[in-house]
Amino acid sequence: MVNLVDQLPGQSAIRKLDKIDRKILRLLQSDGRISNVKLAEMVHLSPTPCLERVKRLEKEGFIKSYVAILEPKMLDATLVSFIEVSLDRTTTRALDHFRDEVMHMEEVQECHMVAGGFDYLIKVRTSDMEHYRRFLGEKLSSIEDISSTHTYVVMEEIKASSAIKVSE
C-alpha cells in the first residue's frame, strides 16, 4: 500500500499506514524489545515480512529510535519541575542562543517553544530542591535574554507516557 495523503504546505507526503503497520507501531511502543518472532506472531505475519515492515517503518521515520525508560527513584532524579520561560526579545539570534544553551543542560528533559503568555515551557528533572535551585541559579539564569521564569513543582505524577496514539 503506497497511497499518499494530501501534502500540506511545508510537509512531506506521508504514506498511509495499513492495519498491520499500525498494530506493529502500537506493540513496539509498549515493548520495544519484543522479538521479531513474537511481534510477527502477534500481527499474524511470518517473521521475514514482519521484519521488512519494521525496517520500512524505521526508514520512513515512523519509528525514530528505541529507548529504555529508567526509574527516576533509582537514579536520584525524583523532583520534576515545569518552568515557563519568557525572553526579553524573540529575535532569531535570541531564540537560537536559548535553544543551543538548553540542549546542553542534562536536567532538561523537554523544551517546547509555545504560543501564549511566555516563550518556552521546560520540563526539568533534578534530585531535590537544592539541585533545582542550583540549576535555576547557575545554569538557566545564565542564559542571555531571559526576562523571567515561573516554576511549577510537581507534587505527584499522575500519568507519564511517551506513547503516541496509533489509531485503528
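The buried residues of helix α5 pack against β1, β2, β3 and β4, where buried means under 20% relative accessible area, exposed over 50%, and partly exposed in between, with a 1.4 Å probe and protein chains only. This is a predicted model, in which local features need pLDDT of at least 70, side-chain atom pairs count only at pLDDT 80 or more, and totals for chains, interfaces and linings use all residues. Residues are numbered from 1 along each chain as its sequence is written, and side-chain values use heavy atoms, with hydrogens and water left out.

**The helix**

- The buried residues of α5 are His 131, Tyr 132 and Phe 135, and they lie on the same side of α5 because they cover an arc of only 105° around the axis, the arc being that of the directions from the helix axis to the C-beta atoms.
- On the other side of α5, Glu 130, Arg 133 and Glu 138 are exposed.

**The sheet**

- Four strands form an open sheet in the order β2-β3-β1-β4, with antiparallel pairing; two strands pair if DSSP finds at least two bridges between them, and helices (H or I, at least four residues) and strands (E, at least two) are DSSP runs, numbered from the N terminus.
- Strands β2 (108-113) and β4 (146-153) stand at the edges with a single partner strand each, so one side of each is left without a neighbour in the sheet.
- Strand β1 (residues 79-87) pairs with β4 in the antiparallel sense over seven bridges, and Val 85 stands opposite Thr 149 in β4.

Definitions and conventions. Contact = heavy atoms within 4.5 Å.
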